[in-house]
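Try each one by eye before reading its solution.

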Amino acid sequence: AVEVDWGDIGGDEADDCTESSDWKGMIEIEGSGQAVSAAELSIAEIFESPERRNALLDDLYELASFCEQLLDESSHGGMDGLPVTLQLDKGELAVRLAHVREVCDDLDNEHTRHLLMLQSSDRYLHQQEQALVQMLTHADKMRGRAEDMRTRQGELTLTIKEAYPKYQAASARINQVKQLFEEALSSQHFNGRRINLMGIDCV
């Protein structure tokens, strides 16, 4: 029982007050501490407590099984003897079952467990912080190497541009000497037949 201190109100005045006054929100009833209803638990409290979170998941999985059973029974006409409030059509049951499964998946997936571990474990948070620092350090090193490769590529491109005229001149000279040599061989040793030396062509 909950005891309420009415103060100095008494007699007819108390009766008038109890009949005419709206006490909603003015009387606060505290729980005994032995049991906590779902309405008294905030979402934060549920996620901060592994025991409460696991209990909630157990209840949700049990509810999903119950919905699956009802859905199966509705397909075989087994809901006729149930109370009216539980006689749901298959479409509504399927929708409710899908919602329950979606909530279970959201609460029990890898990403949610990762976030909960970050919140509840300082050691896990430190490990993730160190891993992130290592990734950032590695990314900085790779960025530096990429910048170095771009610098070397620029230097190589400049070197090629500077050497290309010399290469063209050397190639032209080699082709000229080759042609003269082929003509000399043709006239002196092959009675004017065309000679083509292989392996020393230049682009």
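**Exercise 1.** Work out how the axes of helix α5 and α6 are arranged where they cross.

*Solution.* Start with the distance: in this predicted model, the axes of α5 (residues 110–120) and α6 come within 5 Å. Next, take the angle, which is roughly 110 degrees. Angles of 65 to 115 degrees count as roughly perpendicular, so α5 and α6 are roughly perpendicular to each other. The crossing is left-handed. Finally, look at the side that each helix brings to the contact: α5 supplies H114, M117, L118 and S120, while α6 supplies D122, Y124, L125 and Q128.

**Exercise 2.** Find the nonpolar surface patch that includes L136.

*Solution.* First locate L136, which is found in helix α6 (residues 122–189).

**Exercise 3.** Decide how helix α3 and helix α4 run relative to each other.

*Solution.* The axes of α3 (residues 50–75) and α4 (residues 90–108) come within 9 Å and cross at roughly 155 degrees. Angles over 145 degrees count as roughly antiparallel, and therefore α3 and α4 are roughly antiparallel to each other. α3 passes α4 in a left-handed crossing. Among the residues making the contact are L56, L60, L63 and C67 of α3, and L93, L97, V100 and C104 of α4.

**Exercise 4.** Which residue forms a salt bridge with R96, and how are the two placed in the helix?

*Solution.* The partner is E92, with the closest N and O atoms 2.6 Å apart. Both R96 and E92 lie in helix α4, 4 residues apart, or about one turn of the helix. To set this pair in context, the whole structure has 8 salt bridges.

Technical notes
Residues numbered from 1 in each chain as written. Predicted model: local features only at pLDDT ≥ 70, side-chain atom pairs only at ≥ 80, totals over all residues. Heavy atoms only, no water. Patch = residues over 30% accessible without salt bridge, like charges linked within 9 Å, V, L, I, M, F, W, Y side chains within 5 Å. Areas by Shrake-Rupley, 256 points an atom, 1.4 Å probe, with all protein chains shown as cover. Salt bridge = Lys/Arg side-chain N within 4 Å of Asp/Glu carboxyl O. Axes fitted to C-alpha atoms, helices over the stretch in contact; angles between N-to-C directions. Parallel < 35°, antiparallel > 145°, perpendicular 65-115°, else oblique. Left-handed = near helix turned anticlockwise from the far one by under 90°. Contact = heavy atoms within 4.5 Å.
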